[in-house]
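Dear colleague,

Please find the structure below, handed over for your work. My notes on it follow.

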Amino acid sequence: MTHDRPAPSQGVAATPATDKFLTQSGVEVPLICGAMYPCSNPELVGAVAAAGAMAIVQPISLVYAHGREFRAGLQEIKALAGGRPFGFNAIIEKSVKAYEDRMRGWIDVALEEGVRFFVTALGNPSWVCKAVHQVGGVVYHDVTERKWALKAKDAGVDGLICVNSRAGGHAGTHTPDELITQLADLGLPLVAAGGVGDERAFAALLQSGYAAVQLGTRFIATNECKVHPDYWRAILDADEDDIVLTERLSGVPVAVINTPFVQRIGTRAGPFARWMLRGRRTKHWMRTFYALKSIRELKHTIQKGVSYRDVWQAGKSVGTIHAVEPAGEIVRRFAAALR
Ligand SMILES: Cc1cc2nc3c(=O)[nH]c(=O)nc-3n(C[C@H](O)[C@H](O)[C@H](O)COP(=O)(O)O)c2cc1C
């Protein structure tokens, strides 16, 4: 990837925090299309990057849900992005060795292909920081509370993705205001993740001191995202109150739309799973089991339309999402709201 760093657009949220994020990431708009399994297809990542925002590749989604050989998939995204930067999501929890080796290999290939923005989740990101810093890249780490933020800072990360209680995917427990209050003194750029579906909420979070904002659900309802139209319809029809947290997908709470199927099966993990998840060692096995299970089941969100019996992941931003739009239009509208 040519890693020219375009100058930040004139007038775009000129706070020092935002400037730092724009300089570190090389994008023009302080907005991230977050990694999403299985929704991060190459066309979506490429379209967001081409429009001047940061877009994150989810490698498991790229390879297993969208059938791309990893390096060829990155090259395809590079072409779609027109040379603009994009990022890579490394879920680095210690689990089975084969998965860890695969993730290390993917990170090496991503670095070779010129990716310089990494978002790590779970685990200790110090080895990723070491590899990425050697070539001048940056690492942001997903956190939900101060305890994890301090560990990430010690590990050498360059910024924090502050996952709040409104987020799609694995939601946090704190509001955006609580997180910025808890983490402002750490001296790292903070990215708000969760609950943003329109440009008003985006601008308000930047004004409150966040360096950038990460969106997930908003980008599922785009022409480029290859989910079945039933998933789009579920997002457009849902309100904020229709989002519930379920442990049944991954053992930890995941935000989903409260369909009749979700209501029927309930949202708590079974007693055996809960017992396994409490043990220091067994929790890794259980999470690996859940990860493999959800890779297989959630893939149907794309292939068959009606997902594994109507489990649609989405966050509370659904209340402000009213149309399926081109991803680039969303980026341009959000950028315009800052001028
Ligand atoms: C369907 C879905 C899948 C997600 N998968 C991942 C993932 O694989 N890795 C990750 O770090 N975050 C994941 N997330 C979180 C998003 O990257 C982002 O932080 C979150 O969606 C922001 O909240 P929002 O949906 O309210 O905008 C996922 C979110 C959704 C909605």
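Does alanine 201 count as buried, partly exposed or exposed, and at what relative accessibility? Alanine 201 counts as partly exposed because its relative accessibility is 27%, where buried means under 20% relative accessible area, exposed over 50% and partly exposed in between (1.4 Å probe, protein chains only). Its place is in helix α9 (residues 199-207). Between alanine 201 and phenylalanine 334 there are 9.8 Å in space, C-alpha to C-alpha, and 133 residues in sequence.

This is a predicted model, in which local features need pLDDT of at least 70 and side-chain atom pairs pLDDT 80 or more, while totals for chains, interfaces and linings use all residues. Residues are numbered from 1 along each chain as its sequence is written, and side-chain values use heavy atoms, without hydrogens and water.

Helices (H or I, at least four residues) and strands (E, at least two) are DSSP runs numbered from the N terminus. In helix α8 (residues 176-183), the residues Pro176, Leu179, Ile180 and Leu183 are buried. They lie on the same side of α8, because they cover an arc of only 95° around the axis, taken from the directions from the helix axis to the C-beta atoms. Asp177 and Thr181, on the other side of α8, are exposed. The buried residues of α8 pack against several elements, including β5 (138-143), α7 (146-155) and α9, with contact meaning heavy atoms within 4.5 Å.
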